[in-house]
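Me: I would like to go through some labels used for this protein and ask what stands behind each one. Here is the structure.

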Amino acid sequence: MDAQTEPEVPPAPVSEEPFLGPLDIILLAVLIGGAAWYFLKSKKKDTQTSQFKSYSIQPTTVNTMTMAENSFIKKLKSSGRRLVVFYGSQTGTAEEFAGRLAKEGLRYQMKGMVADPEECDMEELLSLKDIDKSLAVFCLATYGEGDPTDNCMEFYDWIQNNDVDFSGLNYAVFGLGNKTYEHYNKVGIYVDKRLEELGANRVFELGLGDDDANIEDDFITWKDKFWPAVCDHFGIESSGEEVLMRQYRLLEQPETPTERLYTGEVARLHSLQTQRPPFDAKNPFLAPIKVNRELHKAGGRSCMHIEFDIEGSKMRYEAGDHLAMYPVNDQDLVLRLGKLCNADLDTIFSLINTDTDSSKKHPFPCPTTYRTALTHYLEITALPRTHILKELAEYCSEEKDKEFLRFMCSTNPEGKAKYQQWIQDSCRNIVHVLEDLPSCRPPLDHICELLPRLQPRYYSISSSSKLYPTTVHVTAVLVKYETTTGRVNHGVATTFLSQKHPLDGQPLPRVPIFIRKSQFRLPAKTETPVIMVGPGTGLAPFRGFIQERDFNRKDGKEVGQTILYFGCRKRSEDYIYEEELEDYVERGVMKLRTAFSRDQAHKVYVTHLLEEDMDLLWSVIGENKGHFYICGDAKNMATDVRNILLKVLQTKGNMSESEAIQYIKKMEAQKRYSADVWS
């Protein structure tokens, strides 16, 4: 059982146990007849009431299936399927792609099912060959610094560390990654290669999706060649045109009592009202916000310093970990979407999977209202992928609108270019699409089926638990920008947080959070020197690191050199935590190198400072075996910094280019080179 999975029925509280045993009751019945009868009647009523209250807060969506029920082989055999699509997903995209492949399998006589490796006995893959013309497809995202996603870790470790015989297993892999990261698509590449090494038969070439470019286009391009290869391999033919089918059926439930409705809980009903640890992704802690203050002094942009109270939650964190929070969508967008779909947002409904063998009975917790689903469960600001546009086309009353949507879903270059320009470059979400295509009016329940699930947002923790054991600090820039259509788009999470201000005399605002452990860590030995490169909000985890180094120093421990490279636009506007950093410098806690890019005629960035300090860099990472950290933009800054390090190793360390590359790889393996970056 997973750590986050709770038993269906917990032990009853002691207060609900009968005070009198059966023997006592019988004796009382003999001695005081009528009084005993009255007592028993009252007791029975109390117990029923108590049981109802207890039941009303029990989990209803947490998966508690037995291993037998979770056998994907048995499910395939019992339902006549031959295709199983596994996903390793952190943000939902890989799971979405897996669902699309499984659904399309019907066109190719390959009835399919989607499976989560975390919920399956993956050793059953050895038996898949017993099903005639069977196929396993893996849609696997690479997370962080080349890591498998949380739900894929056990499977990844298993195939890494076991020489199993996969002969007879037919497979294909589509990887999801981001080229701005150092370990682009590492997980997909490894699994594809490893399965072949273990004797499995690759049916089609590895597909690689780049989320920095157009991962939707990458997936469609791969998929459109994948299916003909599958047909050719198994000697089957396509059944013709794609048939659009609903995965979930709508059930309106107006009689559902209020206490049985989900109101934003991730999994267990009433989990936000009746909180109990352990707290994690499926059971977040409703944390009070004690502080929410502005860090920017001017300039029109906003950067928030937010402190969450975790006292009593039993949650622990270390400097370098991430805080994850579940945001809610902007109510204006929710109302606009409801109006565009001509829906009553207070309608109570459930979406029920038409595939009775699926372990995913609902796309999100049900029953609920449309208002709750759009507010808490669906990514209504996500840019719709082509499969959504294809489904929307069916609801256009004007032929030109229908053809326009179908054109953007096509695989020809002109259609792909139009999708790039009209959806991606213009940042149109589902609300914008429906506003700009007045004849497209889909039912809201279908929109709820099509949109991806609202995901938690992750922030580098900017505090040390050594100093702040009962609070967690984060540093977040408010996301707000104007699109080419003249609309102003707002970041979901930062807009939500910007409205959460503690006010005197009022209860503190609360936000559902959990802690995600990280490998981004200070060295175990405090005397080890460290270099930290963190422009902008990349400073966040290093604030925690510096706090911890200062704490150790005050505790009498020997602390090595602590060097920070920080950059922003203007000292007078966006120099965050200026007073704190200057105080650390004055007290000799650290050395600070700052770059204010717009405070002089020519731009100065942290990379310029690093190039000036090549001797210092070599002294720390080459001669004294120090640790090097980067946090911030992956696309440009992190790549540039890595290249400067390579240059340092070659010029100051007298290494060849290949030796320098190997040196950094060795540093990574030893956790002496760490990056916490985003694109």
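Reply: This is a predicted model. A place to start is the second largest pocket, which is lined by 29 residues, with Pro535, Gly536, Gly567, Cys568 and Asp633 nearest its centre. Its space comes to about 830 Å³.

Me: Which element gives the most to the lining of the second largest pocket?

Reply: H20 does, with four residues. Helix H20 (634-651) is one of the elements that each supply at least two residues, and strand E20 (562-568), helix H18 (606-612) and strand E22 (627-633) are also among them. By class, the lining holds 12 nonpolar, 10 polar and seven charged residues.

Me: Why is the pair of Phe72 and Phe86 called edge-to-face?

Reply: Their centres are 5.2 Å apart, and a pair needs centres within 6.5 Å. A search of the whole structure finds 31 aromatic pairs.

Me: What makes this pair a link between distant parts of the chain?

Reply: Phe72 lies in helix H2 (residues 72-79) and Phe86 in strand E1 (residues 83-88), 14 residues apart.

Me: How do you know whether Phe72 and Phe86 are buried or exposed?

Reply: The relative accessible area is 1% for Phe72 and 0% for Phe86. Buried means under 20%, so both residues count as buried.

Technical notes: Residues are numbered from 1 along each chain as its sequence is written. This is a predicted model: local features need pLDDT of at least 70, side-chain atom pairs count only at pLDDT 80 or more; totals for chains, interfaces and linings use all residues. Side-chain values use heavy atoms; hydrogens and water are left out. Rings of Phe, Tyr and Trp (its six-membered ring) pair if their centres lie within 6.5 Å; planes under 30 degrees apart count as stacked, over 60 as edge-to-face and the rest as tilted. Buried means under 20% relative accessible area, exposed over 50%, partly exposed in between (1.4 Å probe, protein chains only). On a 1 Å grid over the protein atoms alone, a cavity is a set of points where a 1.4 Å probe fits but cannot get out, and a pocket is an open set with protein on both sides within 12 Å along at least five of seven lines; lining residues have an atom within 4 Å of a point. Grid points are joined across faces, edges and corners, and a volume is the space filled by probe spheres set on the points. Ala, Val, Leu, Ile, Met, Phe, Trp, Tyr, Cys and Pro count as nonpolar, Asp, Glu, Lys and Arg as charged, and the others, Gly among them, as polar.
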